[in-house]
Amino acid sequence: MAELETRRMGRTEMRPKSLALGAAWLAQGSEAETIEAIHHAIELGIDYVDTYPRHAEERWGKALAGGLREKIYLQAKVSPPGPDKDYSSETTRRSVENSLKQLQTDYLDSVLIHDPIAIEDPLSPGCALDELLKMKEEGLVRHIGLGVRQHEFHRVAIETGHIEVVLTFLDYNLLDQSVAQTTLPLARDYDVGIILASPLGMGSLTGVEPDIETEQRRHPGAKPKAHMMWQWCHERGVNIRHLAMQFCLAAPVDGIVMVGPANKVQVEEAYEAATADVPIEIWRDFEAAFGVRPANVGFNDR
């Protein structure tokens with residue numbers, strides 16, 4: 001069985017495998033199916049496991065019981081419900097303590113401040129960041145991070161000097177690499193670990209034919225890039241999922257790639273893509289068609 005590469009997560013002491021297991025869709029099935037998928041991911045070597053409040057965290061606790069917790073890095077989030085998103089110290093501590101209880105653990109390797117409306121909300125004095133720093137001193141939290149799409153939020157948080165991990169999504173994949181010009185260089189300057197989420201473009205790069213009308217509604221006036229890439233791969237017998245995953249794994253970051261499977265089968269598909277070998281000839285032709293290639297691929301024979 002092919003093995004996943006071990007990665008460095010910035011200045012944290014974490015050394016996870018290159019592929020992480022996200023929680024966004026894994027609680028949609030039954031509890032047994034969730035636990036089966038988590039167990040299979042760990043069997044395949046995946047050792048960075050992400051959770052989310054209100055997404056049945058107790059299932060993760062059951063899945064990691066019996067000694068598996070000690071074999072993985074476990075990440076939770078502070079993501080207050082409701083439109084106002086209260087990032088007060090009280091709400092933050094309550095969220096972390098509830099995750100600890102549901103996950104049946106006495107510490108979390110990483111806790112992300114998740115999806116704030118304004119970055120000042122969790123970073124203001126006496127709010128989420130300050131409370132997480134206290135919990136870090138208490139040994140309940142080992143590393144503090146941020147999970148949000150806005151690049152400007154990344155910058156403000158990283159420049160506090162307290163953020164050790166940033167989860168960015170949808171902005172580094174075959175369709176969009178905009179974060180490479182903003183957050184990624186800054187993360188290198190501050191030695192921040194990066195989690196690249198949504199390598200499959202929220203379903204656009206899984207191998208299922210993208211819907212052109214849906215794509216055009218999302219990106220008015222733009223060419224249906226996802227469909228064009230899908231068609232290019234389909235005509236050549238190329239697995240676009242392999243291209244998408246290998247592209248993200250080759251990103252110039254100290255960090256990992258996170259997938260959000262819904263079941264055991266999708267865990268296997270993600271692992272297969274992460275350990276696949278894409279011939280350089282495919283990348284050469286793909287770049288000629290779309291102007292995209294992995295950061296670690298060079299064509300010296302041109």
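In which sense, parallel or antiparallel, do strand β7 (residues 193–197) and β8 pair, and over how many bridges? They pair in the parallel sense, over four bridges, where two strands count as paired if DSSP finds at least two bridges between them. The model is a predicted one, in which local features need pLDDT of at least 70 and side-chain atom pairs count only at pLDDT 80 or more, while totals for chains, interfaces and linings use all residues. Residues are numbered from 1 along each chain as its sequence is written, and side-chain values use heavy atoms, with hydrogens and water left out. Helices (H or I, at least four residues) and strands (E, at least two) are DSSP runs, numbered from the N terminus.

**Strands**

Strand β8 (residues 255–259) is largely enclosed by the rest of the structure, because five of its five residues are buried; buried means under 20% relative accessible area, exposed means over 50%, and partly exposed lies in between (1.4 Å probe, protein chains only).

| Residue | Bridge partner | Strand of the partner |
|---|---|---|
| L21 | V259 | β8 |
| I194 | G255 | β8 |
| V111 | I144 | β5 |
| L146 | V166 | β6 |

**A pair of helices**

Helix α6 (residues 151–158) and helix α7 (residues 183–190) pack at an angle of about 10 degrees, with their axes 10 Å apart; axes are lines fitted to C-alpha atoms, for helices over the stretch in contact, and angles run from 0 to 180 degrees between N-to-C directions. α6 and α7 are therefore roughly parallel to each other, as angles under 35 degrees count as roughly parallel, over 145 as roughly antiparallel, 65 to 115 as roughly perpendicular and the rest as oblique. The residues that make this contact (heavy atoms within 4.5 Å) are H151, H154, R155 and I158 of α6, together with T183, L186, A187 and Y190 of α7.

**Loop residues**

In the loop between β7 and α8 (212–218) lies S198, whose phi is near 60 degrees, a positive value in a residue other than glycine. S198 counts as buried, at 15% relative accessibility. M202 is also placed in the loop between β7 and α8, and has a positive phi of about 55 degrees although it is not a glycine; M202 is partly exposed, with a relative accessible area of 48%.

Q104 is found in the loop between α3 (89–103) and β4 (110–114). Its contacts, leaving aside neighbours within four places in sequence, are with G61, K62 and A65.

**Cysteines**

How many disulfides does a search of the whole structure find? The search finds zero, a disulfide being a pair of cysteine sulfur atoms within 2.5 Å. The sulfur of C248 is 14 Å from the closest cysteine sulfur, in C233, which is too far for a bond. C233 is buried, with a relative accessible area of 2%, and C248 counts as buried at 2% relative accessibility.
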